[in-house]
Amino acid sequence: MDFKDSLGLVAPELLLSVAGLILLLVAAWVGDKASKAISIAAVAVLVGASFLVGPALANGAVGPDTVAFMGQFRADAFAAFAKILIYLSAGACLMIAPSFFDRYGAMRAEYPILVLFAALGMGIMVSASDLLTLYIGLELNSLAAYVLASFLRTDARSAEAGLKYFVLGALASGILLFGMSLTYGFTGTTSFEGIRVALAGDMSTGALFGVVFVLAGLAFKISAVPFHMWTPDVYEGAPTPVTTFFSTAPKVAALALTMRVALDAFGPQADAWQQIVIFAALASIVVGALGAIGQANIKRLLAYSSINNVGFMLIGLAAATPEGASAMLVYLAIYVAMSLGGFVAVLMLKGEDGEPVEAIADISGLSATRPGLAAALAIIMFSLAGIPPLFGFWGKFVVFQAAVQADMIALAAIGIAASVIGAYYYLKVVKIMYFDEPAGVVTGKSDWAHQAILVITTVFVSPLGFLLTPWLGAHADAAATALFLAV
């Protein structure tokens, strides 16, 4: 494929790069008074990038025509599925940010630009077909994320969150780099295709250590146990719009990247990494559920919920089959909607003076004072718990079904049993909102953007979401097929 064709395949990345640089110049010339206009422009750019990758997903793009820059980049249907989730969730996170930061006088023109560059890095991550491309995308996303976590400079918790995220992120990057160097040393290539060919026979001990360290570095990015320790502190300390962003777009990118590395580069040695993934899945489910039970802060509770849900998604990866990959993508799409709706609901929990309300005790009796908000939050909590007939149940059902089809009945059974633990803390939040005496704390008004996104996500995770199962399942199947046909 020539250079011109390669440029065509990276059109979304080119759009984000050029738009980000132009908006950066606008921010430098005009200043923070243009922050809202830049945010609107950034949302438009992300929507435009989604339209650019749409045809690849609709057509089930796969094969040599999706490979750019001599095998460094792959713009197939799998990457398109992940990019659409990334761009749309990043755009939604930009829409909810201004009203939050305006209260602190902290809305800066650089905020939407950082999100744009983070989205650019995530797009490169999910299209990476070489370890070097993988690392470039990962660091572009991470460097923007470190700044975003500490964006609210007047808040000590935000500064602490940014510092913790940076230190632990640097450690994870070091682990990942060490694994990549071992993989290169024992396979002689950084290309996923070359690594797959080199691992087709017997795997040496050194290559096994490379696989382990690469997966350990990626486990940090998806906040899987035992590399989850940063998640509750960063989710609680970062500004809530940033936490919303962290729980959606980067989660999609990291999980999609993990899928591509495990199923593409390390595919011939599935027996070696399946044990690691099974342990991480079960440990994440249990630790996430047990850790959430004692939380008094709703953002920390949702952080443990994120760890718990990553465990369920990893069950699909552990199956190491196209059905498992498709199920994982379906769950990921539903999870993005649930997580986005959950954190937007948290943003709408405000006192009379607009002060954010994060203590779970302060939302007691919310159904009496804000019935609409309480109903939406209850639907999202029930969906996160996987209680039918809400759409979150379908995500869990398809990953367990994929595990059973892969003869991993014990894994599915343990996952189903452990999901009961997780239901407790979700139901506790609903019980506090509907059966406790009203605290009268949540009295502030909500922004229109928050209300619109909450309504959309709530409808999506409601029983009406099941109407989308044929459409969502077909696109997830096409994406999973593209991933396995690349092997």
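A residue is called buried here when its relative accessible area is under 20%, exposed when over 50%, and partly exposed in between (1.4 Å probe, protein chains only). The model is predicted, so local features need pLDDT of at least 70 and side-chain atom pairs count only at pLDDT 80 or more, while totals for chains, interfaces and linings use all residues. Residues are numbered from 1 along each chain as its sequence is written, and side-chain values use heavy atoms, with hydrogens and water left out.

Salt bridges come first. Side chains of opposite charge can pair when their charged atoms come close. With a salt bridge taken as a side-chain nitrogen of Lys or Arg within 4 Å of a carboxyl oxygen of Asp or Glu, the structure holds 14 of them. One joins glutamate 13 to lysine 83, with 2.9 Å between the closest N and O atoms. This pair links distant parts of the chain, 70 residues apart: glutamate 13 sits in helix 2 (residues 11-30) and lysine 83 in helix 4 (residues 77-104). Helices (H or I, at least four residues) and strands (E, at least two) are DSSP runs, numbered from the N terminus. Glutamate 13 is buried, at 6% relative accessible area, and lysine 83 is buried at 2%.

Arginine 300 and glutamate 236 also meet in a salt bridge, at 2.9 Å from N to O. Because arginine 300 lies in helix 14 and glutamate 236 in helix 10 (residues 231-237), the pair ties together parts that are 64 residues apart in sequence. Arginine 300 is buried, with a relative accessible area of 17%. Both residues belong to a network of salt bridges that also links Arg157, Glu160, Lys164, Asp233, Lys299 and Glu358.

A further salt bridge pairs arginine 103 with glutamate 355, the closest N and O atoms being 2.8 Å apart. Arginine 103 is in helix 4 and glutamate 355 in the loop between helix 15 and helix 16 (366-369), so parts 252 residues apart in sequence are tied together. Arginine 103 is partly exposed at 34%, and glutamate 355 is partly exposed at 37%.

On a 1 Å grid over the protein atoms alone, a cavity is a set of points where a 1.4 Å probe fits but cannot get out; a pocket is an open set with protein on both sides within 12 Å along at least five of seven lines, and lining residues have an atom within 4 Å of a point. Grid points are joined across faces, edges and corners, and a volume is the space filled by probe spheres set on the points.

The largest pocket has a volume of about 730 Å³. Its lining has 25 residues, with Ile84, Leu85, Leu88, Ser89 and Ile456 nearest the centre. Helix 4 gives the largest share of this lining, 9 residues. The lining divides into 20 nonpolar, 5 polar and no charged residues, where Ala, Val, Leu, Ile, Met, Phe, Trp, Tyr, Cys and Pro count as nonpolar, Asp, Glu, Lys and Arg as charged, and the others, Gly among them, as polar.

The second largest pocket has a volume of about 270 Å³. Helix 4 again gives the most to the lining, with 6 residues.

The structure also holds 2 cavities of 30 Å³ or more. The largest cavity contains about 120 Å³ of space.
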